[in-house]
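I have a chain open on my screen and a notebook beside it. Here is what I looked up, strand by strand and helix by helix.

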Amino acid sequence: MKRKLYSDDHEAFRESFRKFVEQEIAPNDEAWNHEGIVPREVFAKAGANGFLGMDVPEEYGGGGVVDFRFNAVIIEELMRTGNGGAGLGLTLHNDICMPYFLSFANAEQKKRWLPGIVSGELITAIAMTEPGIGSDLASMTTTARRDGDHYVVNGAKTFITNGINSDVVITAVKTDPTQKHKGMSLLVLERGMEGFERGRNLDKLGQHAQDTAELSFTDVRVPVANLLGETEGQGFTQLVTKLPQERLSIAVAGVAAARAALEWTLEYVKERKAFGQPIGSFQNSKFVLAEIATEVDIAEHFVDDCIRALNAGELDAVDAGKAKYWCTELQGRVVDRCLQLHGGYGYMNEYPIARAYADARITRIYGGTTEIMKEVIGRSLGL
């Protein structure tokens, strides 16, 4: 079925971003994978070309267009070329961190931070997960004690995307340690604050070009003016409000990665020969690829509807959870089966399917595990 999600404006934006990927990202991806980080200049170049903050009001330098389809185009193009790891920092910046500043920052905070975020001068991150707590965010132990016009922050976070590059970090803290969910708040910690330290750039199974780090806070004095929201204790509600878009972003990436793996494999099986004929002509290859093509098409149309719902302000946690769970599990199945059709060459890192296989494993974990998504969906069934 023909997709009807995008307009001519989105396709023109796609062509522009595709050129950006081909010129600025793809040629450097291998080097960045070895270095474990994308240079900060990539964010500045993306900002200069209009690929950051498309939904930020023009007064702060943004595109002024609230339409997640532009975000989806960026994700799809990064996955199409197998540059999802290198591009994850950009999508986190746009899809996951930006909404917190747009929805919860006051006028002074927006004026202070948004122009730099849009230009790529200020790189964003969000710090929720702590060592030892996994998905149980309410059990976090990072605290922010009020001391006059400042909070004094102590604690640690881990698995933080953009952890090395980030300048402004949305940090989940306990402003009232006696409470669980109601004691959480969001503070923005900034590069250079005394006592704010970055640990090692974590050595991961995949997505090697993405800097993922541990953060530690020792008596970090953060101005009260850096609190997101009007009062303390709103952090958990703020996170819950924005998680559907985060999970949709991951779902878009999952199905786009599956689509890319399918396309690479179709090309490969048409050219690779065994027993005197293309391996794509074997019944097993046909059946496997027919199944994949069907599953990808179906998932893509559900995700397209989720994007429409998000744009209409109607996407809820349940549908976002369904999209995230299904598309990341699909991604894992597809890259595994496509790698098998590549034979021994699929295990070689020079082939994009090998890197895609390693990159895919985390998507069923971050942004809410598959098990958490099933719990959210199950509760909606009255169970």
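I began with strand E1 (residues 124–127), which runs parallel to E4 and is joined to it by four bridges. For my own bookkeeping, two strands pair if DSSP finds at least two bridges between them. Helices (H or I, at least four residues) and strands (E, at least two) are DSSP runs, numbered from the N terminus. I noted that the partner of Thr124 in E4 is Val168.

Before going further, I reminded myself that this is a predicted model, where local features need pLDDT of at least 70 and side-chain atom pairs count only at pLDDT 80 or more, while totals for chains, interfaces and linings use all residues. Residues are numbered from 1 along each chain as its sequence is written, and side-chain values use heavy atoms, with hydrogens and water left out.

**Entry: the other side of E4**

I then looked at strand E5 (residues 184–190), which is antiparallel to E4 and joined to it by seven bridges. Ala172 sits opposite Leu186 of E5.

Why is E4 largely enclosed by the rest of the structure? Seven of the seven residues of E4 (residues 168–174) are buried, so the strand is largely enclosed. Buried here means under 20% relative accessible area, with exposed over 50% and partly exposed in between (1.4 Å probe, protein chains only). I checked both faces: Val168, Ile170, Ala172 and Lys174 cover one side, Val169, Thr171 and Val173 the other, and all are buried.

UniProt, in an unreviewed entry, places "domain: Acyl-CoA oxidase/dehydrogenase middle" at residues 125–220. UniProt positions are in the numbering used here, feature names are shortened, and annotations may be inferred rather than shown by experiment. I found that span to be 0% helix and 51% strand, with its end C-alpha atoms 17 Å apart.

Strand E2 (residues 143–147) pairs with E3 in the antiparallel sense over five bridges, and Thr143 has Asn154 as its bridge partner in E3. The E2 and E3 hairpin has two residues between the strands, and Gly148 takes a positive phi near 70° there. E3 also runs antiparallel to strand E7 (residues 212–223), with nine bridges; Val153 is partnered by Val220 in E7.

I picked out Ile160, which lies in E3 (residues 150–161). Ile160 counts as buried, at 1% relative accessibility. Its C-alpha atom is 5.2 Å from that of Ala213, 53 residues away along the chain. Beyond neighbours within four places in sequence, the contacts of Ile160 (heavy atoms within 4.5 Å) include Ala125, Met128, Asp211 and Leu215.

**Entry: helices and cores**

Next I turned to H4 and H7, which pack at about 35° with axes 8 Å apart. The axes are lines fitted to C-alpha atoms, for helices over the stretch in contact, and angles run from 0 to 180 degrees between N-to-C directions. Among the residues that meet are Phe68 and Ala72 in H4 and Leu248 and Val252 in H7.

Which residues have the most contacts inside the largest nonpolar core? They are Ile25, Leu248, Val252, Ile292, Val303, Ile307 and Val334, in a core of 65 residues. Such a core is a set of buried Ala, Val, Leu, Ile, Met, Phe, Trp, Tyr and Cys residues joined through side-chain atoms within 4.5 Å. H7 gives the largest share, 14 residues. Another core, of 28 residues, lies apart from it and has Leu92 and Leu122 among its members.
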